[in-house]
Amino acid sequence: MTIGTPPDTGPSPLSQEATIRLLLERSKRPTRTVPIRREFLQQGSSGAPAPGPLRSLVRRSQPRALDLYLLVSAVTSNGDFSVTEWATTWARSIGNHDEKSGTIAVSRAWKALRDLKLIDRKRGEAGKSVITKLREDGSGAPYTPPGGMGDPYFQLPFEFWDHGLHESLSLPGKTMLLITLSLRKERFALPQDRMPTWYGISADTAGRGLRELQNKSVLAHVDDEWFETLSTRTGWASRPVYRLLDPFTPRGLGTSTPDSPGVDIAALPL
């Protein structure tokens, strides 16, 4: 070997895009969507809503923990709902190719998710970790596929990753994407001042997320809805009506469940 010539170290580590693609292909989901229970975002009923675990990820500014959670939710599709991988694989999936800092970042994200009882983490073979998905409500209960009466859920399309939204959307944008998907309606109003009560996030965070989704052509402001109120001199006020754009329009889940806050917003007093 000539002095001063670096040794042949082989190809560079796999790219973020290729890593995610291989992980998603391994899931073998024919619909290319990820089912997520609505209780990850919101629990309780329309009369007494309670924010779900997503609130903690937003308030603690944990975007990478949310990224890993969504990816794990996509990959763990059967069996015991676990996935065994190296930390460096997960680090590449969140765009960190440095072995040391990437491993640290992933470890912190797993801890945040484990503290919220959304996953369980154990040592696996060959230095890998075994990540097991738990129920989305943060109860620590074993995960089971959603479905049936009283178990509302929504679908996150794989286009979230295909279109690079996992990288281009901020934490408020990702949060509002999940919330708008969970409504399971083609057209909906979403008052920002209700976000703290319904989902535990600030009105400002909701507003930034909605604007970002519109800028990314994920969401469109299609109309304005008038409603009666005593907060104005005329007794009328308006709020925007939105619609998710393809490929994020609702997929075969019917109408929203009646106990979902935000379903019949026009009937709720302000």
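The structure is a predicted model, and its protein chain contains 10 helices and 10 strands. Of the 270 residues in the protein chain, 49% count as buried. When contacts between residues at least 6 apart in sequence are considered, 66% of them join residues that are at least 24 apart.

**Helix contacts**

- Helix H8, which covers residues 171–183, and helix H10, which covers residues 203–215, have axes that come within 7 Å of each other and cross at roughly 85°. An angle of 65 to 115 degrees counts as roughly perpendicular, and H8 and H10 are therefore roughly perpendicular to each other.
- On the side of H8, the contact is made by Pro172, Gly173, Met176, Leu177 and Thr180, while H10 contributes Thr205, Ala206, Arg208, Gly209, Leu210, Glu212 and Leu213. Sorted by class, the residues of this contact of H8 with H10 comprise 6 nonpolar, 4 polar and 2 charged.
- Helix H3 (residues 63–75) packs with helix H5 (residues 99–115) at an angle of about 75°, and their axes are 9 Å apart. This angle makes H3 roughly perpendicular to H5.
- In this contact, Arg64, Ala65, Leu68, Tyr69 and Val72 of H3 meet Val106, Ala109, Trp110, Ala112 and Leu113 of H5. The contact of H3 with H5 consists of 9 nonpolar residues and 1 charged residue, with no polar residues.

**Aromatic rings**

- The structure holds 6 aromatic pairs, and one of them is formed by Phe160 and Trp161, whose rings are edge-to-face, with 5.1 Å from centre to centre and 80° between the planes. Phe160 and Trp161 are both buried, and ring pairs link these two residues and Phe158 into a cluster.
- Another pair is formed by Phe188 and Tyr242, whose ring centres are 6.4 Å apart and whose planes stand at 40°, so the pair is tilted. Phe188 and Tyr242 are both buried.

**Charges over rings**

- Lys128 has its charged end over the ring of Trp86, at 4.1 Å from the centre of that ring.
- Arg239 lies over the face of Phe227, and the distance to the ring centre is 3.9 Å.

**Two individual residues**

- Thr175 is part of helix H8, and it counts as buried because its relative accessibility is 0%, where buried means under 20%. Apart from its neighbours within four places in sequence, Thr175 is in contact with Leu54, Val58 and Ile201.
- Glu125 lies in the loop between strand S5 (119–123) and strand S6 (129–133), and it counts as exposed because its relative accessibility is 61%, where exposed means over 50%. Although Glu125 and Thr84 are 41 residues apart in sequence, their C-alpha atoms are 8.5 Å apart in space.

Key
Residues are numbered from 1 along each chain as its sequence is written. This is a predicted model: local features need pLDDT of at least 70, side-chain atom pairs count only at pLDDT 80 or more; totals for chains, interfaces and linings use all residues. Side-chain values use heavy atoms; hydrogens and water are left out. Axes are lines fitted to C-alpha atoms, for helices over the stretch in contact, and angles run from 0 to 180 degrees between N-to-C directions. Helices (H or I, at least four residues) and strands (E, at least two) are DSSP runs, numbered from the N terminus. Angles under 35 degrees count as roughly parallel, over 145 as roughly antiparallel, 65 to 115 as roughly perpendicular and the rest as oblique. Contact means heavy atoms within 4.5 Å. Ala, Val, Leu, Ile, Met, Phe, Trp, Tyr, Cys and Pro count as nonpolar, Asp, Glu, Lys and Arg as charged, and the others, Gly among them, as polar. Rings of Phe, Tyr and Trp (its six-membered ring) pair if their centres lie within 6.5 Å; planes under 30 degrees apart count as stacked, over 60 as edge-to-face and the rest as tilted. Buried means under 20% relative accessible area, exposed over 50%, partly exposed in between (1.4 Å probe, protein chains only). A charge sits over a ring if NZ of Lys or CZ of Arg is within 6 Å of the ring centre and within 35 degrees of the ring normal.
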